[in-house]
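Thank you all for making time this morning.

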Amino acid sequence: MNGDSSTEYTVIMDAAAMKATIYSMALAIAADNPELDSLVLLGILSRGKPLADRLADQIGQVAGYRPPVGVLSTTMYRDDLRSGTGGEVVGRIGETHFDFSIDNRTVLLVDDVLAAGRTIRAAMDEVMDYGRPRRIQLACLIDRGGRELPIQADYLGYALGTDAYEWVFVRLMESDGEDVVLVKHAQDAPVSEGDE
Amino acid sequence: MEAMAPAVWVKKDLIGIRDLSRGEIEMILDTAPQFLAVSKRASGIKKVPLLQGRLVVNWFHEPSTRTRTSFELAAKRLSADTLSIAASSSSSVKGETLHDTLANIEAMRADIIVLRHGCAGAPHILAAAHASHIINAGDGRHEHPTQALLDVFTMRETLRRQRGNPELGLDGLKVAIIGDIEHSRVARSNIHALTKLGASITLCAPATLLPRGVERLGVAQTTRLCEALADADVIYALRMQLERQSRGLLPSIREYVKLFRVDRDSLRYAPDHAIVMHPGPINRDLELSTEVADGTRSVILQQVTNGVAVRMAIMHLLANSGGARRARESQAS
């Protein structure tokens with residue numbers, strides 16, 4: 001991102017707001033899951049992973065138990081590769097990795113931006129191939145609207161409304177060197193969902 | 001500086017290692033571990049939907065158990081439908097040409113054709129004339145690219161584990177390939193793959209089984225086993241192709257065993273860390289002793305496990321790549 005074009009961006013969440021948002025999401029997750037030892041978090045690549053780590057840290061602080069965190073790639077379950085319409089990312093398949101069982105546990109999927117919902121559909125199908133969770137929940141930092149599937153977040157940081165022509169950038173310390181959520185109005189721009 | 005690996009796969013077919021760039025070989029090797037993880041899932045659901053609804057046809061004109069089974073499993077683990085055609089039961093015995101047979105298979109909407117054929121160049125000719133993705137599963141004495149890719153993948157994984165570095169490539173790795181090199185498409189493909197990846201190769205065989213002109217490929221050769229093994233990181237024993245020994249290139253099998261067999265005695269010349277590989281099927285106690293084939297240095301069964309994952313990666317790259325599709329469309333227009 002160039003500094004000279006930064007005037008076009010609007011900050012909708014700064015570092016302090018992000019910290020507070022993650023804290024309140026962690027409170028809600030802990031309240032909903034009294035049997036915390038049956039809760040596991042799966043962060044969806046790439047920015048879902050650091051967010052899941054932060055949520056787990058916060059849950060550990062407020063409830064005294066830090067749930068385990070794994071990584072979900074979803075690439076092998078994407079519907080646009082399957083139909084042969086995608087392909088630009090084809091050389092790079094992220095690594096799904098977790099070393100705990102998900103059978104009979106609550107799996108909390110964590111992602112930065114919820115838009116079409118297709119990534120979450122892919123994530124749910126992938127999770128089901130790794131076992132039989134008792135339930136699957138979803139936590140997202142930003143809901144930017146534009147849903148194409150009947151999927152909603154159980155824990156949401158911030159709902160952006162449904163302007164389909166807005167670009168949303170979630171930048172995290174771990175991957176981008178700063179904690180901030182930016183939006184950009186670009187009338188002719190295609191819909192963007194996080195990393196995709 | 002090494003050229004950056006391309007971000008997108010663009011080839012329609014996999015015909016030979018000779019046609020691949022180092023970047024393309026590395027893209028296949030880098031894609032395979034995720035498919036290996038699919039095969040090892042604790043849930044037992046060893047399947048992903050990447051080729052759901054697609055049809056993979058195994059078309060084998062020569063006998064094969066391992067390669068055909070491996071391709072079939074790879075296709076099934078990508079959720080493709082599979083069909084096997086053996087030449088002995090197909091219309092080729094009635095005189096139908098390869099082109100006509102493939103046109104008929106394609107009329108039934110096949111997406112990937114896995115072809116093994118006794119004639120070198122058969123997959124190349126079909127790939128140029130037909131729209132489906134052709135994978136060469138061995139053509140005459142020419143190439144067996146998927147075998148070489150699973151071999152170099154196994155070498156790389158083993159090397160990375162031995163040295164505790166998950167980023168290591170094969171640069172500087174020393175590989176001794178021993179046995180019937182003259183008749184071996186496996187050796188040919190491995191020589192291309194290893195050379196492109198920066199490994200150094202020593203071929204070892206009786207002079208009659210060393211192909212002429214092989215030094216042009218940039219490899220060393222010797223007729224003394226102890227010399228080949230002296231600094232080898234990888235010892236690759238080839239299958240003695242007994243069915244192709246009618247021309248009297250070997251004075252006697254007993255002499256070969258005495259001078260070239262990889263066994264406990266000859267392994268004394270090799271470094272302790274050297275691993276033993278073989279493409280299968282093994283002629284037990286001919287090119288490789290049972291003791292070594294089943295011993296701790298042997299990674300032969302890992303080759304088989306890795307073969308499924310590497311073939312999954314190849315089918316995924318060929319059939320799901322937007323780059324390959326666009327290249328095809330621009331060729332057609």
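This is a predicted model: local features need pLDDT of at least 70, side-chain atom pairs count only at pLDDT 80 or more; totals for chains, interfaces and linings use all residues.

Let me start with Val180(A), which, leaving aside residues up to four places away in sequence, touches Val11(A), Met13(A), Met18(A), Phe169(A), Val170(A) and Arg171(A). Val180(A) belongs to strand 8 of chain A, which covers residues 180–185. Is Val180(A) buried or exposed? Its relative accessibility is 8%, and because the cut-off for buried is under 20%, Val180(A) counts as buried.

Staying with chain A, let me turn to a sheet. It is an open sheet of 5 strands, arranged in the order 3-2-4-5-6, and the pairing is parallel. The edges are taken by strand 3, residues 69–72, and strand 6, residues 155–159, and since each has a single partner strand, one side of each is left without a neighbour in the sheet. On average, and with direction ignored, neighbouring strands of this sheet are turned by 25 degrees against each other. To look at one pairing in detail, strand 2, residues 39–44, and strand 4, residues 106–114, of chain A pair in the parallel sense over 5 bridges, and Leu39(A) stands opposite Thr106(A) in strand 4 of chain A.

Which helices lie across these strands? Helix 2 of chain A, residues 48–63, lies across strands 2, 3, 4 and 5 of chain A, and runs at about 155 degrees to strand 2. Helix 4 of chain A, residues 118–129, also lies across strands 2, 3, 4 and 5 of chain A, with an angle of about 155 degrees to strand 4.

Finally, chain B, where I have picked out one pair of helices. Helix 2 of chain B, residues 66–77, packs with helix 11 of chain B, residues 300–320, at an angle of about 55 degrees, and their axes are 8 Å apart; the two helices are therefore oblique to each other. Their crossing is right-handed. On the helix 2 side of chain B the contact includes Phe71(B) and Leu73(B), while on the helix 11 side it includes Val304(B) and Met312(B). Taken together, the residues of this contact divide into 8 nonpolar, 3 polar and 3 charged.

Definitions and conventions. Residues are numbered from 1 along each chain as its sequence is written. Chains are lettered from A and ligands numbered from 1 in the order in which they are written. Side-chain values use heavy atoms; hydrogens and water are left out. Two strands pair if DSSP finds at least two bridges between them. Helices (H or I, at least four residues) and strands (E, at least two) are DSSP runs, numbered from the N terminus. Axes are lines fitted to C-alpha atoms, for helices over the stretch in contact, and angles run from 0 to 180 degrees between N-to-C directions. Contact means heavy atoms within 4.5 Å. Angles under 35 degrees count as roughly parallel, over 145 as roughly antiparallel, 65 to 115 as roughly perpendicular and the rest as oblique. A crossing is left-handed if the near helix is turned anticlockwise from the far one by less than a right angle, and right-handed if clockwise. Ala, Val, Leu, Ile, Met, Phe, Trp, Tyr, Cys and Pro count as nonpolar, Asp, Glu, Lys and Arg as charged, and the others, Gly among them, as polar. Buried means under 20% relative accessible area, exposed over 50%, partly exposed in between (1.4 Å probe, protein chains only).
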